[in-house]
Amino acid sequence: MIKEKGFFLTIEGTEGVGKSTALKFIQNYLGQASRDFIVTREPGGTPIAEQIRQILLAPCLTEEMLPETELLLMFACRVQHIHHVILPALAAGKWVVSDRFVDASFAYQGGGRHMDMTYLEILEKWLLQNLRPDLTILLDAPVERGLERAKHRGPQDRIEQEKIAFFERVRQGYLKRMKEDRKRFRLIDATQPLEMVQIELKKILDEICVVRGRAG
Ligand code: Z5A
């Protein structure tokens, strides 16, 4: 196993853009490159956060979930995840690869649900402190394209049941977030055939490994 400093990589995107597929590819790549890594996800990643995830995604709740509740539960999961999983793994020199992180809250709750960004910024500052992904891969595709792919997957969860305009706002939310922090993001056109997406993923991972190799 190659010993190095921790690296925090996140994957983001709207419905059906191929995050899970990309994650499997990254997992294989890191395994073959003898990197010490964990793969995790949000909402979730710890026993408490996984229980909250079930409430967040349950398709038929007996009461309407308010956007404020949704936002706070996302951050409740995140704070458990950061303290029990992400920070310890980074401190142990591992790669942490997370299927979604805080950018998803800006895109879904900020963009999708029209929540005031000031509240998100306060939560981000308070609960994340200085923790930011070292790199975020944003898989981007027109919303219809992703939804078309995702519809073959079985019953929809509560958020997946949203209308197309919601996912359009989510997509714009991600693109806005990327414009605000260009250095951290790598954009991949997820409408490309899977092999092309994987070539781009490999290029990004090769670059990180080279830069980290140089840093010792
Ligand atoms: N959420 C939130 O609102 N706020 C937050 O702060 C956070 C999350 C953290 C759960 O997320 C929900 O929580 C999510 C956002 C919200 N809600 N929604 N909607 P999740 O990540 O667990 O679930 P998901 O968004 O529904 O993503 P997914 O199920 O992981 O989908 P995906 O990973 O993007 O897609 P996939 O399964 O990899 O691919 C879909 C299909 O397309 C599959 O058949 C693939 O084989 C195929 N595919 C993939 N790539 C290609 C290419 N390039 N060409 C052709 N076909 C392809």
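In this predicted model, the shell around the ligand holds 29 residues, and those that come nearest are Glu15, Ser20, Thr21, Arg100 and Ser105. By residue class, the shell divides into 12 nonpolar, 7 polar and 10 charged residues. Several helices contribute to the shell: α1 (19-32), α2 (47-57), α3 (67-91), α4 (102-112) and α8 (194-215) each provide at least two of its residues. The largest share comes from α4, which supplies 4 residues.

Individual atom pairs show how the ligand is placed against the protein. A polar side-chain atom of glutamate 15 is found 2.5 Å from an oxygen atom of the ligand. In the case of valine 17, the atom concerned is a backbone N or O atom, and it lies 3.2 Å from an oxygen atom of the ligand. On its own, the ligand has 1,100 Å² of accessible area, of which the protein covers 83%.

The ligand sits in the largest pocket of the structure. This pocket has a volume of about 650 Å³. Its lining is made up of 28 residues, and Glu15, Lys19, Arg53, Arg100 and Glu160 are the closest to the pocket centre. Two or more lining residues come from each of the helices α1, α2, α3, α4 and α6 (143-150). Helix α4 gives the most to the lining, with 4 residues. The lining comprises 9 nonpolar, 7 polar and 12 charged residues.

Helix α4 is the leading contributor to the shell around the ligand and to the lining of the pocket.

Cavities were considered separately. A search of the whole structure finds 1 cavity of 30 Å³ or more. The largest cavity has a volume of about 30 Å³. Its lining consists of Gly13, Thr14, Leu138, Leu139, Asp140, Arg171, Tyr174 and Leu175. By class, the cavity lining divides into 4 nonpolar, 2 polar and 2 charged residues.

Note on methods: Residues are numbered from 1 along each chain as its sequence is written. This is a predicted model: local features need pLDDT of at least 70, side-chain atom pairs count only at pLDDT 80 or more; totals for chains, interfaces and linings use all residues. Side-chain values use heavy atoms; hydrogens and water are left out. A residue is near a molecule or strand if one of its heavy atoms lies within 4 Å of it. A polar contact is a pair of N or O atoms within 3.5 Å; within protein, one must be able to donate a hydrogen and the other to accept it, and residues adjacent in sequence count only if both atoms are side-chain atoms. Accessible areas come from the Shrake-Rupley method with a 1.4 Å probe; for residues, only the protein chains shown count as cover. On a 1 Å grid over the protein atoms alone, a cavity is a set of points where a 1.4 Å probe fits but cannot get out, and a pocket is an open set with protein on both sides within 12 Å along at least five of seven lines; lining residues have an atom within 4 Å of a point. A molecule sits in a cavity or pocket if more than half of its atoms lie within 2 Å of its grid points. Ala, Val, Leu, Ile, Met, Phe, Trp, Tyr, Cys and Pro count as nonpolar, Asp, Glu, Lys and Arg as charged, and the others, Gly among them, as polar. Grid points are joined across faces, edges and corners, and a volume is the space filled by probe spheres set on the points.
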